[in-house]
Amino acid sequence: MDVLLDLIARHKQGHASGVTSICSAHPIVIEASLRHAQRSGQAFALFEATCNQVNQDGGYTGMTPADFVAFIHAIADRVGFDHARIALGGDHLGPNPWTSLDAAAAMDKAEVMVGAYVAAGFRKIHLDCSMACRGDPEPLPEAEIVRRAVRLCRAAEAAHAGAGDEAPVYVIGTEVPVPGGATESIDGLAVTTPQAALATIEAHRQAFIAAGLASAWQRVIASVVQPGVEFDHHDVVDYQPQKARELSEAITGVPGMVFEAHSTDYQTRDALGSLVRDHFAILKVGPGLTFALREAFWALDAIEQAWIEDARRARLREVVLARMREQPGYWQRYYHSRDHALTVDLQYSLSDRIRYYWPDPAIEQACQRLFDNLRANPPPIPLISQFLPHALHALRIGSATRDPLSLTMAHVSAALDDYHHACHDHDTH
């Protein structure tokens, strides 16, 4: 993927350039991200899907890799965003969705998935075989993780040979929580040691070369490490550059590679800028954007309460909470609170399990009714100011309207502003 290879080359030359990787399948987040990229003049927008979200069996979104590409492109067509400026990545591609199977069966499924991703047009491929399958030792030995990653790289290269166009670029390394974020408290978070980071890179390099994948190794652009950033239900571990200094310096001697940072959601603008300057140049964000989406929906619900007569209200918040309690499958393994504390977690947890419920038909209907109410009776500036101040700013400068969808996207875009600033507005010289 030439745009990413060029960006990494620029970073290695001393420019603190980075890229925001948007990990979301919500259509409003996707549209907001594309419109933000348009307004800010970004050369391209990068979207990623995880193995659990999107795979040949449909994943939890019900989409295959080809479906996800069509989904993104349909939104881009509505926005007027050139498909050629959209980069697509696959995150945690490996046997994770099938760990209940033995390794042979799970890896067969993973090979099919990686091939389907590449055939569909995904060109940034995170090879992640760190998870143990049925009968595997835990933790899985690194040599076996590397061996499986090589197998998936070979499948990706074979799929690209049939698809043509730009060759895939690869991300290795797995020092991150399982897809979906941390499930427990994050006390004692440890930064990856430089020795471990370099050993992982060297083990993969030797294995790629030995497997006849020297050409693919030249397209390995990043390794995933833990720079000391994370969030759980209630707290955020902020990036502290001094704790990651040795790790940051370790990558400078590795040609063509930077670090990729997962779970950067909720970091401050300054922290994001420091991450990019310190060579954690690929910033993954997902729940932080759907959290902002939920903030906007709750703000519109509050505006509706103040502005729309009682009999006509959609009561989106009430509908969502009722559906979450009726269908607890997406949160009950993660939230262990009870009573009022559970009600708080269901709505406000930073891990944002609520994001899995937006496609629910009853919730979609309530959301549409809320939007219809506020379109028929556009809210006045004082109410927008009270509940959606970021969107009010966008409204006043002409980048948003009073339409509830526009206000929602403006609020999501405010979170993207910090990422854009971090990735584009700094120089190490």
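## Barrel strands

Strand 6 (residues 220-225) and strand 9 (residues 258-261) pair in the parallel sense over 4 bridges; pairing requires that DSSP find at least two bridges between two strands. Helices (H or I, at least four residues) and strands (E, at least two) are DSSP runs, numbered from the N terminus. The model is predicted, so that local features need pLDDT of at least 70 and side-chain atom pairs count only at pLDDT 80 or more, whereas totals for chains, interfaces and linings use all residues. Residues are numbered from 1 along each chain as its sequence is written, and side-chain values use heavy atoms, with hydrogens and water left out.

A barrel is closed by 8 strands in the order 1-2-3-4-5-6-9-10, with parallel pairing. From one strand to the next, the twist averages 25 degrees.

## Strand 10 and its partners

Strand 10 (residues 280-285) is mostly covered, 6 of its 6 residues being buried, where buried means under 20% relative accessible area, exposed over 50% and partly exposed in between (1.4 Å probe, protein chains only). Strand 10 pairs in the parallel sense with strand 1 (residues 19-22) over 4 bridges, and Thr 20 has Leu 283 as its bridge partner there. Strand 9 also runs parallel to strand 10, joined to it by 3 bridges; Phe 259 stands opposite Phe 280.

## Nonpolar cores

A nonpolar core is a set of buried Ala, Val, Leu, Ile, Met, Phe, Trp, Tyr and Cys residues joined through side-chain atoms within 4.5 Å. The largest has 119 residues, and Leu 34 and Phe 68 have the most contacts inside it. Helix 10 (residues 287-307) gives the most to this core, with 9 residues. Another core, of 16 residues, lies apart from it and includes Leu 7, Ile 8, Ile 221 and Ile 282.

## Helix 1

In helix 1 (residues 2-12), the buried residues are Leu 4, Leu 7, Ile 8 and His 11. They lie on the same side of helix 1 because they cover an arc of only 95 degrees around the axis, the arc being that of the directions from the helix axis to the C-beta atoms. Gly 14, which follows helix 1, has a positive phi near 115 degrees.

## Helices 10 and 11

Helix 10 and helix 11 (residues 316-326) pack at an angle of about 130 degrees, with their axes 8 Å apart. Axes are lines fitted to C-alpha atoms, for helices over the stretch in contact (heavy atoms within 4.5 Å), and angles run from 0 to 180 degrees between N-to-C directions. The two helices are therefore oblique to each other; angles under 35 degrees count as roughly parallel, over 145 as roughly antiparallel, 65 to 115 as roughly perpendicular and the rest as oblique.
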